Amino acid sequence: MGKFARGDLPPMAKSEGEVTSWALSRRHLRGTPPGKGLTVGILEGKNLLITGVLTDDSLAYGVAETAQREGARVILTGFGRGLSLTTRTARKLPDPPEVLELDVQDPDHAATVAAAVADRFGTLDGLVHAIGFAPANCLGHGMMAASWSEVATMLEVSTYSLKSLTEAFLPLLAAGTGGSVVGLDFDAAQAWPGYDWMGVAKAGLESLTRYLARELGPQGIRVNLIAAGPIRTIAAKSIPGFATFEEVWGERAPLGWDVNTDADAVARACVALLSDWFPRTTGEIIHVDGGFHAVGA
Ligand SMILES: NC(=O)c1ccc[n+]([C@@H]2O[C@H](COP(=O)([O-])OP(=O)(O)OC[C@H]3O[C@@H](n4cnc5c(N)ncnc54)[C@H](O)[C@@H]3O)[C@@H](O)[C@H]2O)c1
């Protein structure tokens, strides 16, 4: 094992010996195929369903890639006209996974996917909710422009779907080793320029996470969110004024923030929550934002 630069040490490590498994895991991330390296990944033996992969910029793509490198078996879902793009994107993953069709507005889809997952995996250890959609009037037009039916569509897809998906996969999650549901959030504690009704949807997602955590904890199921800083994805590019987030974030976040490369930090946090390393954490919102949320100016 070679020497490590100071910046390479994980925060808790005091010596090189202590970093061995971490370093091997980093090596694993850099491209050692699953099963061929010296490490056992933190998701070894876990079965995951990951929604929300559209392109390789999607936050969920990074989660799927890191999860596979950490030993997980993965199934993806794709939606509507984007399904063929998801299928093409899936081929770029280290171990190209099966892609199933899932539109969260179609009640039959979740049941069909749950049956397919039961057939392939038997049980499910983790479910990733990386889904968001807002009709145009809900973003960048202030709070008065959107009609109820537009807001209702947005809430159904972006908020309620955490409940409907969790419900559909509940028997499979409860039968596994301790299910982990992880959703993607954008900090809803304050009002952002242009984020408008999507901020309301995310506030609902945060509250729903706490209620689901409360209800499902007795079945050994954890429900948590990662509140990510801004990352340039298809969904983010559709937010008018997204550029104003980008500039402020990079300047203010104590650890800094890069909208092009910090998806990897988001992916690793999701994988940690999917693993056995957060066994007593539920109803939580973990910020992966360079520390932006913690400082005022
Ligand atoms: N990119 C960011 O800056 C950022 C920051 C914080 C949180 N998030 C959240 O991350 C999640 C993923 O977004 P992303 O930025 O990776 O963008 P993305 O465009 O890559 O992903 C959005 C996904 O939502 C899916 N989707 C939309 N409507 C659907 C439906 N009816 N049924 C099923 N799937 C549907 C799309 O197919 C797509 O895969 C979203 O919840 C988003 O709000 C993103």
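Two residues are in contact here if their C-beta atoms, placed from the backbone, lie within 7 Å. Keep that in mind for the views below, which all show a predicted model.

**View 1. Helix α4 meets helix α5.** From α4, the residues Ala110, Ala111, Ala114, Val117 and Ala118 are in contact with Ser164, Leu165, Ala168, Phe169 and Leu172 of α5. By class, this contact has nine nonpolar residues, one polar residue and no charged ones.

**View 2. The angle between α4 and α5.** Here we look at how α4 (residues 107–121) and α5 (residues 148–175) pack: the angle is about 30°, and the axes are 10 Å apart. Because angles under 35 degrees count as roughly parallel, α4 is roughly parallel to α5. The crossing of the two helices is right-handed.

**View 3. A sheet of seven strands.** Follow the strands in the order β3-β2-β1-β4-β5-β6-β7 and you have traced an open sheet with parallel pairing. At its edges sit β3 (98–101) and β7 (285–288), each pairing on one side only. Within the sheet, β5 and β6 (residues 222–228) run parallel and are joined by six bridges. Ser180, for instance, has Arg222 in β6 as its bridge partner.

**View 4. Helix α5 on the strands.** Helix α5 lies across β1 (47–50), β4 (126–129) and β5, and runs at about 170° to β4.

**View 5. Around the ligand.** Of the 28 residues around the ligand, Ser58, Gly132, Leu184, Thr233 and Ala235 come nearest. Two or more residues of this shell come from each of α2 (59–69), β5 (180–185) and α7 (234–237), with α7 giving the largest share, three residues. Sorted by class, the shell has 19 nonpolar, seven polar and two charged residues.

Key:
Residues are numbered from 1 along each chain as its sequence is written. This is a predicted model: local features need pLDDT of at least 70, side-chain atom pairs count only at pLDDT 80 or more; totals for chains, interfaces and linings use all residues. A residue is near a molecule or strand if its C-beta atom, placed from the backbone, lies within 6 Å of it. Helices (H or I, at least four residues) and strands (E, at least two) are DSSP runs, numbered from the N terminus. Ala, Val, Leu, Ile, Met, Phe, Trp, Tyr, Cys and Pro count as nonpolar, Asp, Glu, Lys and Arg as charged, and the others, Gly among them, as polar. Axes are lines fitted to C-alpha atoms, for helices over the stretch in contact, and angles run from 0 to 180 degrees between N-to-C directions. Angles under 35 degrees count as roughly parallel, over 145 as roughly antiparallel, 65 to 115 as roughly perpendicular and the rest as oblique. A crossing is left-handed if the near helix is turned anticlockwise from the far one by less than a right angle, and right-handed if clockwise. Two strands pair if DSSP finds at least two bridges between them.
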